[in-house]
Structures are given as structure tokens and as C-alpha cells.
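Welcome! Here is a short tour of how the pieces of this fold sit together.

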Amino acid sequence: FDVSSETPAELLLVVDRSGSMTESGQWMELQRSLEELLQSYDDSIAFGLLLFPAVGFNACGVSDVSVSPSLRSGTQILDLIDRSTPLGGTPTAEALMKAKSHLETLPSNRKAVILATDGGPGCNDSLDWSTCECIEGSMCTGFAANCLDDVRTLNAVNLLRQASLPTYVVGIPGSESVDDLLDRMAVAGGTDQ
């Protein structure tokens, strides 16, 4: 996006706060990176925030957008991230669909999603745990939420692109086992380099 345009771009940060984000310091690194990004562009880009999964007992739930894209939202976003505790699964497809629904309500035609995640998407209970590909480092036996939800997640990215909402994919350290999937998501989102 051209940040010099009179109309600010609206970027919705869709941030993975699953339990694995604490394993190797990813959450702290993400906080530092977002602080740099928001301090640099807070006055020229309208940032918003959707954290997933939702807080509470539903490890695969997704809440609504916490901060709708607006200029100078950096302090609010950083405060929410600072107060968040990574826990639960990785319902990436559902989070992307929530992002789409929210962005479609905004009048601007300069909107996009920035997805930051450290691992494979999961939380699709319709998958068969006995035959699915399991997310690396997880056990699927009796628990479909740990099945790799690649097809549904790629479909969500395609739906975003069809709605003229590009998806930028940021693989946080720990995502190496799904690099190929994240690359395919970037291609589907129209943002591959």
C-alpha cells in the first residue's frame, strides 16, 4: 500500500495467540515487532486488531475484532497484546472469516489483512482425527482440533481475495513446519513476493 495516499490504508492485524506462542519467546518477539511497526506508521496507516483464539474456555473460539482499523490505534493495540496470555488452539480459518466480515463493513477500498502465526491452522472438528494430517508437535488421537486445517484456511484466504481483501502472511519462528502452507496462503492472498 502507498502510505503517502490521502486515504489511509486499513490493515487488520490477525494475530495468533495460541499456546505455542510462548514456547520459544515468540509472543515477546511479536510484541517488539508490532511496537516498531505501530510507532513507525501509527499516523499514516489505520491499524486494527483481531486476536485468536478467544479468551476463555473455548480453545478454538474466535472473538470479534478487538480494535477496528483507525489511525493512532497503536497504543490501544499494544495494550491489548500486552494484557493477552497465549493459550488454546489455532482457529486460523475462522479468524480470517471474522476479519473478512468486519472489513466488508468498512467503506474504504484500501483494506487488507496481515496474518501473523507461528504454526499450522487447526480447530476444525469436522476433520477425521484418525485419517487427517496432524499439526506437527500435536496429537490428533481422539481430538480433531489438532488436525491440520489447510484446505479450509486456504479457502478463507481465497474468499478474502475475491472480496478484494489481500492477505499478507507473516510466519513467526516456529512456523517452519508449515512454510509451504504459509507460502500457498500468501499466493492465494495475492501478496507473495
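## The sheet

In what order do the five strands of the open sheet lie? The order is E3-E2-E1-E4-E5, with mixed pairing; strands pair if DSSP finds at least two bridges between them. E3 (67-70) and E5 (167-171) each have a single partner strand, so one side of each is left without a neighbour in the sheet. From one strand to the next, the twist averages 20°.

Strand E1 (residues 10-16) pairs with strand E4 (residues 111-117) in the parallel sense over six bridges. Leu12 has Val113 of E4 as its bridge partner. Helix H3 packs on the sheet, touching E1, E2 (46-52), E3 and E4, where contact means heavy atoms within 4.5 Å.

## Two helix pairs

H3 (residues 92-103) also packs with H4 (residues 150-162), at an angle of about 15° and with axes 8 Å apart. The two are therefore roughly parallel (angles under 35 degrees count as such, and over 145 as roughly antiparallel). Thr92, Ala93, Leu96, Met97 and Lys100 of H3 make the contact, together with residues of H4 including Arg152 and Leu160.

The axes of H1 (residues 26-41) and H2 (residues 74-82) come within 10 Å and cross at roughly 175°, and these helices are therefore roughly antiparallel. Among the contact residues are Trp27 of H1 and Ile77 of H2.

## About the model

This is a predicted model: local features need pLDDT of at least 70 and side-chain atom pairs count only at pLDDT 80 or more, while totals for chains, interfaces and linings use all residues. Residues are numbered from 1 along each chain as its sequence is written, and side-chain values use heavy atoms, leaving out hydrogens and water.

Methods. Axes fitted to C-alpha atoms, helices over the stretch in contact; angles between N-to-C directions. Helix = DSSP H or I, 4+ residues; strand = E, 2+ residues; numbered from the N terminus. Parallel < 35°, antiparallel > 145°, perpendicular 65-115°, else oblique.
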